[in-house]
Number of protein chains: 2
Amino acid sequence: MTMIPPAQVVLASASPRRRELLSQVGIAAGICPAAVDETVLPGESAEQHVVRLSQTKARVVAARADVPGRWFIGSDTVVVRDGTILGKPVDAVEAAAMLRCLAGRMHTVISGYAIHDRADGRTISGTVSTRVWIKALTEMEIAAYLASGEPFDKAGAYAIQGIGAFMVPRIEGSYPNVVGLPLCEVLAALEQLGAPPLFS
Amino acid sequence: MTMIPPAQVVLASASPRRRELLSQVGIAAGICPAAVDETVLPGESAEQHVVRLSQTKARVVAARADVPGRWFIGSDTVVVRDGTILGKPVDAVEAAAMLRCLAGRMHTVISGYAIHDRADGRTISGTVSTRVWIKALTEMEIAAYLASGEPFDKAGAYAIQGIGAFMVPRIEGSYPNVVGLPLCEVLAALEQLGAPPLFS
C-alpha cells in the first residue's frame, strides 16, 4: 500500500491510470488497492457487475481503521462486445483473440464508480458507458502491439491513453471513462458528498 | 528550433501536445515550428482555414534546406461554435468569454492536417471534426480555471488533456483530434506516402 498521509480522497484501486486522471484535475488521492474477487456472478449484467465491484472496493477500504481519509473511490472497468464482457487477458493468446474480436467495429466500455463517505456512511454510485471504434487491424499490428506489453493488464487488451491510441479513430461518450474513471461523474458525486469543489 | 537530427518525420508546429501524441505511438518527430499568419481569410470556412494553414506550415518547413527529414506534418486546430471560429484567447477577458460561450452546450473542434513528402513533393491533407460537450460552469470555476493559466495558449480557452478534463463529460469523434492532431488519419497518410508502418 502506498498511502499519501494527508489525503482526504482515497482511491481503492491499484490503477496508476485512475490516479493519474484524478491528479490531472488537481486531486492528490491516496492509494489503497482493495483485494476483491472480480468474478462475474451468474445472471449479473455488465453494469451490475462494475457497480457492485466499485461499491465493494470503496467500502472494503473505508472499513479499514488503519487507512485515513474521508471519501473512498471504488471503480471497475469492463469492455463489452455483443453482450460479452471482456476483462483483462490472461495471456498473449487471449489478448490477440480480444484484439481480433474488437478490430473493425464498435464496442462499449463500461466503468462503474462508487464514492463512499466515511463521515456519514453514504455511498453514491453509478455506471458510465462509452462507445469505442477500433480500426481494422493487421496481424502484424496485433503481434507488434502484444510485443509492446501494453495489452496485458488492460480490460479488452488495449490502452486508449497509450500506444493503443493508434487504433481508435472515434469514441462516443466520456474519454476518461475509457481510461478507467468517469471523471465528471466522480467529481459531481464527491461534491454531493460534501467534498470541497475542485476550485474552492 | 529544436531539431532531433535523425528524425524522418518533422512536425511543423511548436505544440508540445502534438509532439506528445506522436511520441505516444512511438514516433520521435523532429520539431520545427513554422511562422505562419493565422488570420482567417474573408469567406474562408473553418475547414478551409485549418487545411490551408496545415498545408502552408508543412510546405514552409519542407522548403527549408537546413531542416533534415522526409515527411513534414502541418496541423492547425480551431474551436467552432454556431459557425464562429474561436482561436486562442488574447487575454483573460476573452478567455472567460469563450468559456462562458462554450459552457452547457456542444461545440465542434476541427483539426486540419497535411503531410508533405519531400521525396516526391506530394501532400496529403484533410480535416477531422469532433463534437465536444462542456458542462455548465460556475463563475468560480471559470475564474479558477483562468487562474491555473491553462486556457491562454489553447484554441477555445481549454485543454481537454489537462485540468480542462473536469468540464468535458462527452465527445463524439476522435479524442487526439481535440488535443490537436487526428492521430489515426495522420498515421494513415504517413503510410500512404511511403513511411514505414507503425509496427514494422
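Reader: What makes two residues count as being in contact here?

Author: Two residues are in contact if their C-beta atoms, placed from the backbone, lie within 7 Å. By that rule, 100% of the interface residues of chain A are also interface residues in chain B, so the copies meet through the same surface. This is a predicted model, in which local features need pLDDT of at least 70 and side-chain atom pairs count only at pLDDT 80 or more, while totals for chains, interfaces and linings use all residues. Residues are numbered from 1 along each chain as its sequence is written, and chains are lettered from A and ligands numbered from 1 in the order in which they are written.

Reader: How many residues of chain A are in contact with chain B, and which elements give two or more residues to that side?

Author: There are 25 residues of chain A in contact with 25 residues of chain B. On the side of chain A that touches chain B, the elements giving two or more residues are α4 (139-147), β7 (170-173), α5 (175-179) and α6 (183-192), where helices (H or I, at least four residues) and strands (E, at least two) are DSSP runs, numbered from the N terminus. The residues of this side divide into 16 nonpolar, five polar and four charged, with Ala, Val, Leu, Ile, Met, Phe, Trp, Tyr, Cys and Pro counted as nonpolar, Asp, Glu, Lys and Arg as charged, and the others, Gly among them, as polar.

Reader: Why are the two copies said to be related as by a two-fold rotation axis?

Author: Copies are superposed by least squares on the C-alpha atoms of residues with pLDDT of at least 70 in both. Chain A can be laid on chain B with an RMSD of 0.0 Å by a turn of 180° and a shift of 0.0 Å along the axis. The two copies are thus related as by a two-fold rotation axis. In chain A, the C-alpha nearest this axis belongs to A:Glu172 and lies 2.2 Å from it.

Reader: What makes β7(A) and β7(B) a pair of strands?

Author: Two strands pair if DSSP finds at least two bridges between them, and β7(A) and β7(B) have three bridges, in the antiparallel sense. A:Ile171, for instance, has B:Gly173 of β7(B) as its bridge partner.

Reader: Which strands pair with β5 (residues 105-117) within chain B?

Author: Strand β3 (residues 71-81) of chain B pairs with β5(B) in the antiparallel sense over 10 bridges, and B:Ile73 has B:Ile115 as its bridge partner in β5(B). Strand β6 (residues 123-134) of chain B also pairs with β5(B) in the antiparallel sense, over 12 bridges, and B:Arg105 has B:Ile134 as its bridge partner in β6(B). In the hairpin of β5(B) and β6(B), with five residues between the strands, B:Gly121 takes a positive phi near 75°.

Reader: Why are α3(A) and α4(A) called oblique to each other?

Author: Axes are lines fitted to C-alpha atoms, for helices over the stretch in contact, and angles run from 0 to 180 degrees between N-to-C directions. Helix α3 (residues 92-102) of chain A packs against α4(A) at an angle of about 135°, with the axes 10 Å apart. Angles under 35 degrees count as roughly parallel, over 145 as roughly antiparallel, 65 to 115 as roughly perpendicular and the rest as oblique. The two helices α3(A) and α4(A) are therefore oblique to each other. Their contact is made by A:Ala92, A:Ala95, A:Ala96, A:Leu99 and A:Arg100 of α3(A) and A:Ile142, A:Tyr145 and A:Leu146 of α4(A). By class, this contact has seven nonpolar, no polar and one charged residues.
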